[in-house]
Amino acid sequence: MLLQGCSQVQSSLDPASRSAALIANLWWGMLIVGTAILVAVLLALFIALRRGRGPVERPLSARGSFLLVLAGGVATPMVVILAMIVVGVSMGREIGDRPDSGPIVEVIGRLWWWELRYLDENGDLIATTANEMHVPVGQPVRLRLISENVIHSFWVPQLQGKTDLIPGQVNESWIEAERAGVYRGQCSEYCGQQHALMSFLVVADPPEEFEQWLSRQAEPANDPQSSQEERGQQVFLEQGCVGCHAVRGLSAAGEIGPDLTHLASRRTLAAATIPNTKGHLGGWITDPQHVKPGNQMPSTVMEPGDLQALLAFLGSLE
Amino acid sequence: MSVTSNSGQEPIVARTPEEVERLGATWQSPKGFIGWFMPVNQRVIGRRFVLTAFVFFFLAGALGVLMRIQLMSPENDFLSPDLYNQFFTVHGTAMMFLFAIPVMEGIAIYVVPMMVGARDMAFPRLNAFGYYVYLIGGTVFFGSLLLGFAPSAGWFNYVPLAGKEYSPGLGVGIWTTMITFIEVSALTAAVEIIVTILKLRAPGMTLARMPLFVWAALVTAFMIVFAMPAVIASSSMLVLDRQVGTHFFTPETGGQPLLWQHLFWFFGHPEVYIILMPALGIISTIIPVFTQRPIFGYTALVLSLVATGFVGFGLWVHHMFTTGLPQLGMTFFMAASAMIAIPQGIQVFCWIASLWGGRVRFETPLLYVLGFFVIFVAGGITGVMVAVIPFDLQVHDTFFLVAHFHYVLIGGAVFPLIGGIYYWYPKMFGRMMDERLGKISFWLAFIGFNVTFFPMHQLGLEGMPRRIYTYLGELGWGDLNLLATLGSLVLAGGFLLSLFNAVWSLWRGEPAGDDPWGSPTLEWATPSPPPNYNHEYIPIVSGRYPLWERRGQASQPVVTGLRDDRREVLVTSVLDAEPQAVAVMPGPTIWPFISAVAASTGFLGILYHPSFFLVGFFGAAATFTMWFWPRRPWRDD
Ligand code: HEM
Ligand SMILES: [Cu+2]
């Protein structure tokens, strides 16, 4: 299962946004201070033990002990705590301030994939897609985090810390990629059997490309171009796929699985689990439970010819 | 009853051999199969708690290793997702509820009465009841794993995932029931420990002379009393949601998923300190013994324990930094969370000052304490880091957290605990554990621990969430995971070696004698293993280190006049431990066991049908009546 051409990392230590960079710097700073404290404590312990090795005991005087406890146990933690509160609060404000311009995306946590709904300023729906969020480089994107089932958490380590999706409330967050690229994210609140493979990609494109992408996503599906695609469309409608999946422009409006209107434009399948190639797609349709045990898509058994036609049809949904 | 001061190491009014025998017979526990269900003596119950808890520890540890094997390589299929999810749920729940709390309670139940010079605990039958409830609850919980319907919603069991809709079946029901069992058991033990410490101390053991372990047990018990009700409330609400269709937590009908998190963590965070606190007491016990010097900063250590107890209740929201709560409120919890570093820092440095320049005996118990220093301080530092909200937003629910809390729990609680076992084993069984095996076990555990859990910090920073049964190869997490898995085998080896050592030493260990380590506290004034009645005479205490103060002195003041033909204990005042009265303790009986069975039938039956509530209620009421049927201690007067 190789994701060719996709980002290989989702490391918070390789930040691609200002927020993530701030936090990464915070980490390096804390690592240095923390290591220094650990070393100092262990050094004190080491000296304490070494000094007792001679023939006589050489205890610390009461005053010496008192000063040691005061310096190590009271003063140092106080200073550190103060510093961390100051840093934590100011950085928290900067990261938490959701901007008031930029595209709005509703991120909806499903079992176990992500639905993404792009809204305009008035809150009207522009386009729906799944598991692959496109964002314009250098512009903030406002996120509304929604769940109607269990709690999930939206996390793209290279771009922003996580925020939970909690049923019954709408949480807000935002991301802004500083450079173009593909960033991987993953659900980080345990949400049931396939929590492990509930991931997604964030693709940061130059703004013009992003606009093109969005207007393309807003369009209905392509019409079949060949007889094989036509037959594939028939198979799609007859095989029960429509019960769960939507393809805009067709009488398919299922809501259990991802919107497939522009499936072929996506890089991955099954919530960024397998690459979107014909082989993987065929394998997924015939035996999804093998790839992602417990997921909500049943296997579909069909004639090889039908499968080929279906794959051709799906491949045309760019 | 009278207080006699005499001038020989032997008390003046020595008992005749017949009297000693009668005393032994009075405090004797029944024998035989039925007899197994009847004893109420604190040491029997305490030992059972500890042994049972260790059985659960090794079972849960095995699950941990199996999870590590699954994560050893990307896209491994050693465990199915469903099984992995059950494993981490059972592992976490069992470690927290079935191992850590009960084992600490068990040690307190075993050691505290002897340390304060008492013959038993305040409510012996309640003690026994608490144990059976725990045993039944734990067994059913692990049984569910064998039968394949263990819960799989994680140890903190968040709703709505844990609600009926997303977790149908028995699993979560078993979880809530098990929680109820443990609550009952922990609350009985806590009440028991509080009353024993406050009212049954030997004369002269004022609060300011109480051993630090006793202080730790006292604070722990108070924390249990205040923390448990929150989880009792939340788990009852969850049972109601699941069984009778209430809507506390279902958002579609106005319920609040976050309510669960508040209630659970209001209990769950103090829980961590409930586990840690007795371990801190063990460290304060071991350090003076292995330096043969009084500890530095007794008062500071006591105040730190108490402060930790209080502050521990003000931190729970730091488990919820990612839930979108308002910034300002969270800042308060960030500050409070970091503040806990101060009492911890004071303790660590008091211990360092106590060790400073002393002639330290590097025996196994002390080694485990030194291991604590390295691991716990590291875990404490990452703890302060994750209290900084922006950083927590990145590492929350990742392997960084898994690393952090294992550093705190294993380093902070399990290492001192094992040190404590090596330390008290000779008292419990009359034989020493093997030193050489002990040292090897320490090094295996210490190295294995760090190899297992240190790499997880890096994995978390690289984006690996916790509670995932697998991950894709191209994420590059494979190597560190493999390393962690290898480490876990070494760690398990270290723990198993100590287990082997404990079993082997039962037969082969060197006879220990009364006081093999030269300890200062009263439990070492009894023979090893102690007789049924602990102390032949209740000692009178005049300092913090009674046995050291007695050294070289010819006299040993004791209390005389307690009868030896019934279970009498001396009741003393709360602050100054002035003798006040003599209480007669109840003897062995089977009713606590039968009550526990009746209550358990009710708790478990509710999963099947709500009407079992009535069965449990009336069954327990009837058996409690039998249990409390008035004895007539005055009859033979
Ligand atoms: C043999 C030693 C141990 C090993 C190898 C081990 C390993 C693990 C592993 C692999 C996980 C699951 C990580 C994940 O997928 O999220 C875990 C979780 C956990 N462990 Fe341990 N562990 C050990 C000992 C302990 C001890 C002694 C305690 C507590 C006293 C403990 C408490 C927990 C808790 C609370 C969880 C979280 C469970 C959850 O996510 O619901 N572990 N451990
Ligand atoms: Cu999720």
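Are B:His91 and B:His406 buried or exposed? I looked both up: B:His91 is buried, and B:His406 is buried too. Buried means under 20% relative accessible area, exposed over 50%, partly exposed in between (1.4 Å probe, protein chains only).

I noted that this is a predicted model, where local features need pLDDT of at least 70, side-chain atom pairs count only at pLDDT 80 or more, and totals for chains, interfaces and linings use all residues. Residues are numbered from 1 along each chain as written, chains are lettered from A and ligands numbered from 1 in written order, and side-chain values use heavy atoms, without hydrogens and water.

**Iron.** Next I checked the iron atom of ligand 1. B:His91 (NE2) and B:His406 (NE2) coordinate the iron atom at 2.0 to 2.1 Å. The pair links distant parts of the chain, 315 residues apart: B:His91 sits in helix 4 (residues 81-115) of chain B, B:His406 in helix 14 (residues 399-429) of chain B. Helices (H or I, at least four residues) are DSSP runs, numbered from the N terminus. Donors are N, O and S atoms within 2.8 Å of the metal (3.2 Å for Na, K and Ca); water is not among the atoms, so sites may look incomplete. The six donor atoms make angles of 87 to 179°, and the site is octahedral. Six count as octahedral if opposite donors are over 155 degrees apart and all others between 65 and 115.

**Copper.** I moved to the copper ion (ligand 2). A:His152 (ND1), A:Cys187 (SG), A:Cys191 (SG) and A:Met198 (SD) coordinate the copper ion at 2.0 to 2.7 Å. Its four donor atoms make angles of 91 to 126°, and the site is tetrahedral. Four donors count as tetrahedral if all angles lie between 85 and 135 degrees. A:Cys187 and A:Cys191 are buried.

Technical notes:
Helices (H or I, at least four residues) and strands (E, at least two) are DSSP runs, numbered from the N terminus.
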